[in-house]
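Subject: Structure handover

Dear colleague,

Please find below the structure that I promised to pass on to you.

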Amino acid sequence: MTKDIRDTKRNHISRRHVLAALGTGASVVAMPWIARAADDTIRIGFPTPLTGPFAAEAKDQVKSAELAVKQFNDKGGVNGRKVELLVRDDKLNGGEAATRTLELIEKDKVHAIVGSLSSAVQLAVNEVTRARGVLYVSISQSDTINEVKDFSKYTFHEALNPTMTAGAVARHAFKKGTKVAHLVADYAYGHEMLRGFKRAQATIGAETVGEIMHPFGAADYSTFMPRLRSMRPDILCISNFGRDQANSIKQAVDFGLKQQAKIVVPVLLHNQRLAVSPEVFEGVVGGSNYYWGLESQLPSAKTFNDAYRAANGGAIPTDYGAYGYTGVSSLLQAMQVAGGTDTDKVIAALESLKYDVAKGPQYYRKCDHQSVQSVLVLESKKKADMKGDSDLFSIVANEPASENVLRSCTELGFPA
Amino acid sequence: MDTELILMQLFSGVALGAILVITALGLSIIFGMLGVVNFAHGALFMVGAYAGLWVASLTGSFWWGLLVAPIMIGVFGMAIEYVLIRPLYGRSIDDPLLLTFGLSYVLVEGVRIVFGSDGIPFPTPSSLTGVVDLGVGFFPIYRIFVVGVVFLVVVLLWLGLEKTKFGLIVRAGARDPTMMKVLGVDISKVWLLVFGLGVGLASLGGVLSGPMRSVNPEMGALVLAEAFVVTVIGGLGSLVGSIIAGLLVGVVISMTALFAPEMATIVMFALMAIVLLIRPQGLFGKLA
């Protein structure tokens, strides 16, 4: 009890110090000792797009990240130090994300950043953390973040990357001679996914019959449908995210494309399936980092789901949400091993960490800091086959963690 | 490029244009008669979609949603006019613009609080699902139904404004409100009804769009931009202008989607810029 009171008091003083430092207009950088808080709480900054088209996914990320923090605190913290999560809305905007991240680093003195959702915004955060030498666990899909030109030794990429995701989906859904038509969101995520699919297609021998780039955030896709139909594909591959996914699939189905072709997406999103009806998504195949249904085959998934249910009134964790959990958990485990927040020690600990907190064994590859992990391929269930409101998908493939599905370190530009 | 595809694309453009017409009409009517630039138009479109969904789920029928929601939200629009817009008449045009801009934020946040920010499925009514063969390709029945509804609304509006006494008063009121007052017409009542009508049209657009797009709190943001582009191209305040411009923009978007799909959104802004350079008052607008 007395300890609690003392902690509160200490927090209070530290906050005042920070305010005072800002108030006098003095650069915090010039007087780091003032703001470097007296208390030893580990602070983790968490920028994520709480408002905007990815809001549903972002909120799940926060809930999962909070769960990871709570679990560590309940066990007495990381080596006795409490952990605090500082969530900020990056509004799905690179500039906003960079500003919030800088604030978290300079003003809130965070020890590490986890978060951001959208490949482009994530790269903006990566620029800041790289320049400031701050640890960053990124939890949104990106291939470029692995490449040598964007690589930062402080950055660990917990999310899947398009090469892994599109590769797993293509290996499952494409065959030699399959005709694929691509509908792609015209920004980093779409372009990277398209590249991933084409790379896999080249190996498999599947043919591209057409590519249409659609503007990001489009609400109406009707004008693309006649051309997609005229391509006569076996597979319609739709590489976009968030609400764009729900809208484009819905309209493709309205236009009868499902009778003609199978719809395949790189990432089949839990929340977007919920925003549309099961009839629309029925039979759609896509990749995923996590699906709660894994619990029937994996003890770590069961443990994660149960803890999440207990903390969130029975709700289940979702795909992008789970990144918040695996990302924060891996970081805190590494801090525990490193015995604190010393950046170099935590980097070394993350590089040699083996963790299994939700989806089977994972580890960060040394050269590019990509998390080597399993990739799920899911298929959206028919309404009649659903055993409950959350029984959305069946797991049709589970590619085990392997560096073989990644681009090699030399291919990414790292010295051999 | 074969003719069938081009014809199909043309038809998709007209169908998309019909949706643009219904979203632009309400904005245009309110500006034309009241001189109010309604920045809450997109938000009211979204609220309309939610209201339609809500009524449809209560009654179990899409048709009740389609019928009742626009009336409900239209009445809500009248309340907005009476309480918020009315005190601002006679002031600069920016005042109601800023007020409705703020109102749009309130509406979006309100819906987020009540219905959540995740989006809700709005299934296509079962009698209108499926596709129909147009001879040159397949087209969803529901979208053809929307074109029909928009056509009906346009005809009713035209009859109402051109052939009834009320329409005469509205048109005269838009031309010279002072003279109407002198003649003993209670112009404020007319404005109340016109604002309600504009908002009702916005929400009808929302209900009609629900089964084509997912229903979510941000669905109105792009609609506001589209409606503005269409009314500006057509000429602010011109109903005929809105109709022609809506169809034109739909066809231009559709043709761009065929040849340069990534430009499909930006092309309407380019079109607007060109029209403004050549004819600043818009295609059917009158110079002030």
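In this predicted model, the contact (heavy atoms within 4.5 Å) between the two chains takes 30 residues from chain A and 37 residues from chain B. This is a predicted model, in which local features need pLDDT of at least 70 and side-chain atom pairs count only at pLDDT 80 or more, while totals for chains, interfaces and linings use all residues. Residues are numbered from 1 along each chain as its sequence is written, chains are lettered from A and ligands numbered from 1 in the order in which they are written, and side-chain values use heavy atoms, with hydrogens and water left out.

The size of an interface is often given as the accessible area lost when the parts come together. Here chain A and chain B bury about 2,700 Å² between them, 53% of it on carbon and sulfur atoms; buried area is the accessible area (1.4 Å probe) that two parts lose on being put together, summed over both.

Across this interface the rule finds three salt bridges, a salt bridge being a side-chain nitrogen of Lys or Arg within 4 Å of a carboxyl oxygen of Asp or Glu. A:Arg243 forms a salt bridge with B:Glu218, and their closest N and O atoms are 2.3 Å apart.

Over all chains, a search of the whole structure finds 29 salt bridges. In one of them the side chains of A:Asp108 and A:Arg88 meet at 3.2 Å, N to O. Because A:Asp108 lies in the loop between helix 4 (94-106) and strand 3 (112-115) of chain A, and A:Arg88 in strand 2 (residues 83-89), the pair ties together parts that are 20 residues apart in sequence; helices (H or I, at least four residues) and strands (E, at least two) are DSSP runs, numbered from the N terminus.

A:Glu411 also forms a salt bridge, with A:Arg199, at 2.8 Å between the closest N and O atoms. A:Glu411 lies in the segment after strand 15 (393-399) of chain A and A:Arg199 in helix 7 (residues 188-204), so this pair ties together parts that are 212 residues apart in sequence. Both residues are partly exposed, A:Glu411 with a relative accessible area of 47% and A:Arg199 with 35%, where buried means under 20% relative accessible area, exposed over 50%, and partly exposed in between (1.4 Å probe, protein chains only).

By contrast, the salt bridge of A:Lys381 and A:Asp391 (2.9 Å, N to O) joins two buried residues, with relative accessible areas of 14% for A:Lys381 and 11% for A:Asp391.
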